[in-house]
Amino acid sequence: MAGIDNNTLLYLRGDSFLDLSPNCYEVTNANGITTTTNSKFGNAIDLTIEGKRLNITELDLPLDEFTIDWWELNKGVPSTNIGLISNLTAGYTTTTKSFILGKASTGTAPVLWCSSDSSAWDLSSFVLGSNNTTDWIHRALVFDGNTFYSYENGVLFATGDCAGIYEVDSYIDIGGLRNNEACYNAYIEGLRLSDNVRWTSDFTVPSQPYSSVSIDNVVIENDIITFNVNKLSANEMINNVDVLINGVSQGPITSYTFS
C-alpha cells in the first residue's frame, strides 16, 4: 500500500522520526521521545511520557482543507488538556486560539478545539471518537473548509461545523502543547497529514503501513520482467525487493545495493 503521494505533507510511520513524505521535513525531537515495539505493524511512537513532543518548524497547518489519519493505542486520560497535533504557541488559553487535535483531562476520547478567530472556540472539546483503551484504532479527521468529519476504523463517528481555522504565525507540535508538561498518552503509528480531503464516506482502513515506494514501468518481454522501484521520499530506505511468482516468494533481489 503506497498511501504517500504529492498531497502528503507529513508522514511518520513509527519506526523512526524521519518524515517519509516527499517534503522530508526536519522533525525535531529535542525532548527525547522514543519508539516502542508495542505497535500495530512493527514500531510506534511513544507519546506516554509527560513533557515530550516533536516539532516540525517548517510545516504549517493547511487552512482550507486537510486530512489527518493515524493508528492509535490509547493509554488513558492525560493529566491536562493536551494536543496530538497543534499549531498554538504557549499561552493559547488566554490569547490566540486556532487548532488543537488532542484529549481533554476529563476523558480518554480524542477531542477537537478549533477557532475561526483568535478569541473564542467554534468547537471546544468536541468528541471525535470512543473511549477505547484496549485496541489499536485507526482514526481520521477530515476538514473540507467548513465541516470536520471524524472516522473511527473507517466509519464516520462525528461531524462538527467550523467557519474556518484562524491563521497563526506558528508551526506544528506533535504529542503536546508547547511549554506544557502533559502528554497525549498513547502509542501512535502511521501519522499522515495531507493537504486534501481523502475521504467523504466510510472507507477500508489500511492493512499495512503506508509506503513512499512505488513500482512502475513494468514491462514483460520474452519471459523477462523489468520494472522501476521509486522512492517518493529521500528519507525512505529500501533494504530489498522480494519477487513473488504466483504468490510464492523467489527471494529478494540481491544484484543491486538499495539505499
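Me: What do the side chains of Arg 139 and Glu 152 form where they meet?

Reply: The general idea is to look for a side-chain nitrogen of Lys or Arg within 4 Å of a carboxyl oxygen of Asp or Glu. In this model, which is predicted, the side chains of Arg 139 and Glu 152 meet in a salt bridge with an N to O distance of 2.7 Å. Arg 139 belongs to strand β10 and Glu 152 to strand β11 (residues 147–152), so the pair ties together parts that are 13 residues apart in sequence.

Me: Are Arg 139 and Glu 152 buried or exposed?

Reply: The value to read is the relative accessible area, where under 20% means buried. Arg 139 has 3% relative accessibility and therefore counts as buried, and Glu 152, with a relative accessible area of 16%, is buried as well.

Me: How many aromatic pairs does the structure hold?

Reply: The structure holds nine aromatic pairs. To read one, take the distance between the ring centres and then the angle between the planes, where under 30 degrees counts as stacked, over 60 as edge-to-face and the rest as tilted. The rings of Tyr 11 and Tyr 210 have their centres 5.7 Å apart and their planes at 55°, so this pair is tilted. Tyr 11 lies in strand β1 (residues 8–12) and Tyr 210 in the loop between β14 (186–194) and β15 (213–221), so the pair ties together parts that are 199 residues apart in sequence. Tyr 11 is buried, with a relative accessible area of 0%, and Tyr 210 counts as buried at 7% relative accessibility.

Me: Which residues do ring pairs link into a cluster, and which residue lies over the face of Tyr 184?

Reply: The cluster consists of Phe 66, Phe 99, Phe 143 and Phe 148, linked by ring pairs. Lys 103 is the residue over the face of Tyr 184, at 4.7 Å from the ring centre.

Me: Which residues form a nonpolar patch on the surface?

Reply: Ile 215, Val 218, Ile 220 and Ile 225 form the patch, and together they have about 420 Å² of accessible area. Strand β15 gives the most to this nonpolar patch, with three residues. Val 218, found in strand β15, is exposed, with a relative accessible area of 53%.

Me: What does the secondary structure of the protein chain come to, and what is its radius of gyration?

Reply: The protein chain has zero helices and 18 strands. For 259 residues a compact globule would have a radius of gyration near 18 Å, and the protein chain has 19 Å, which agrees. Along the principal axes, its C-alpha atoms fill a box of roughly 70 × 35 × 35 Å, and buried residues make up 47% of the 259 residues.

Technical notes:
Residues numbered from 1 in each chain as written. Predicted model: local features only at pLDDT ≥ 70, side-chain atom pairs only at ≥ 80, totals over all residues. Heavy atoms only, no water. Phe/Tyr/Trp six-rings, centres within 6.5 Å; stacked < 30°, edge-to-face > 60°. Helix = DSSP H or I, 4+ residues; strand = E, 2+ residues; numbered from the N terminus. Buried < 20%, exposed > 50% of the residue type's maximum accessible area, 1.4 Å probe, protein only. Lys NZ or Arg CZ within 6 Å of the ring centre and 35° of its normal. Patch = residues over 30% accessible without salt bridge, like charges linked within 9 Å, V, L, I, M, F, W, Y side chains within 5 Å. Areas by Shrake-Rupley, 256 points an atom, 1.4 Å probe, with all protein chains shown as cover. Rg over C-alpha atoms; globule rule 2.2 N^0.38 Å.
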